[in-house]
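Please read them with the structure open.

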Amino acid sequence: MSDTPYIGALNEPIVVEFYYSEKKDSGEEVKTWTDYINTRAAVKFGSVGENENNEQIAANDKVDFTIRMHTGINRKMRVLWNNEVYDIQGIKHLSRRFITLITKLNREPDNYIAPGYVNAENVQY
């Protein structure tokens, strides 16, 4: 069986973001996450759980997002889905038309996204 999804499986709205910095007129450097693409994805859950590391609990939630091919996506980017942030750890090319973004949930407080950020109205077809 092929890893390539049928088009109806791409039903979850996601945003892929890249880290952007610019200098203001004052010389101050401003760093922020900026939208790269708004699209739809097929979502597949990998391992879900928590690891205890140095008496701290760390998430190891992994999710794969399969999307239509978009050039320029790399591992320095992240995915926003269901009001959560997922760091891209790898990219798997399934065919000329589809790629899978292999991600891990990022629970850092400074990466929090306000509820409602990703919704169907943001998605471009």
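The points below go from the basis of the model to its strands, barrel and cores.

1. Basis. This is a predicted model, in which local features need pLDDT of at least 70 and side-chain atom pairs count only at pLDDT 80 or more, while totals for chains, interfaces and linings use all residues. Residues are numbered from 1 along each chain as its sequence is written, and side-chain values use heavy atoms, with hydrogens and water left out.

2. Strands. The protein has eight strands and zero helices, giving the pattern β-β-β-β-β-β-β-β along the sequence. Both element types are DSSP runs numbered from the N terminus: helices are H or I with at least four residues, strands are E with at least two.

3. Barrel. Six strands form a closed barrel in the order E1-E2-E5-E8-E7-E6, with antiparallel pairing. From one strand to the next the twist averages 45°; the axes are lines fitted to C-alpha atoms, and angles run from 0 to 180 degrees between N-to-C directions. Two strands count as paired if DSSP finds at least two bridges between them.

4. Pairings. Strand E1 (residues 12–23) runs antiparallel to E6 (residues 78–81), and three bridges join them; Glu 17 stands opposite Arg 78 in E6. Four bridges connect E2 (residues 29–45) with E5 (residues 62–68), also antiparallel. E5 pairs with E8 (residues 98–106) over seven bridges, again in the antiparallel sense. Thr 66 in E5 has Ala 42 opposite, and its bridge partner in E8 is Thr 100.

5. Main core. Which residues touch the most other members of the largest nonpolar core? They are Ile 14, Val 16, Phe 65, Ile 67, Ile 73, Val 79 and Leu 101, out of 16 residues. A nonpolar core here is a set of buried Ala, Val, Leu, Ile, Met, Phe, Trp, Tyr and Cys residues joined through side-chain atoms within 4.5 Å. E1, E2, E5, E6, E7 (84–93) and E8 each give two or more residues to this core.

6. Val 79. Beyond its neighbours within four places in sequence, Val 79 is in contact (heavy atoms within 4.5 Å) with residues including Ile 14, Val 16, Phe 65, Tyr 86, Ile 88 and Leu 101.

7. Second core. A separate core of five residues includes Leu 10, Ala 42, Leu 94 and Phe 98.

8. Totals. Of the 125 residues, 34% are buried, meaning under 20% relative accessible area with a 1.4 Å probe, protein chains only. Among contacts between residues at least 6 apart in sequence, 56% join residues at least 24 apart.

Note on methods. Buried means under 20% relative accessible area, exposed over 50%, partly exposed in between (1.4 Å probe, protein chains only).
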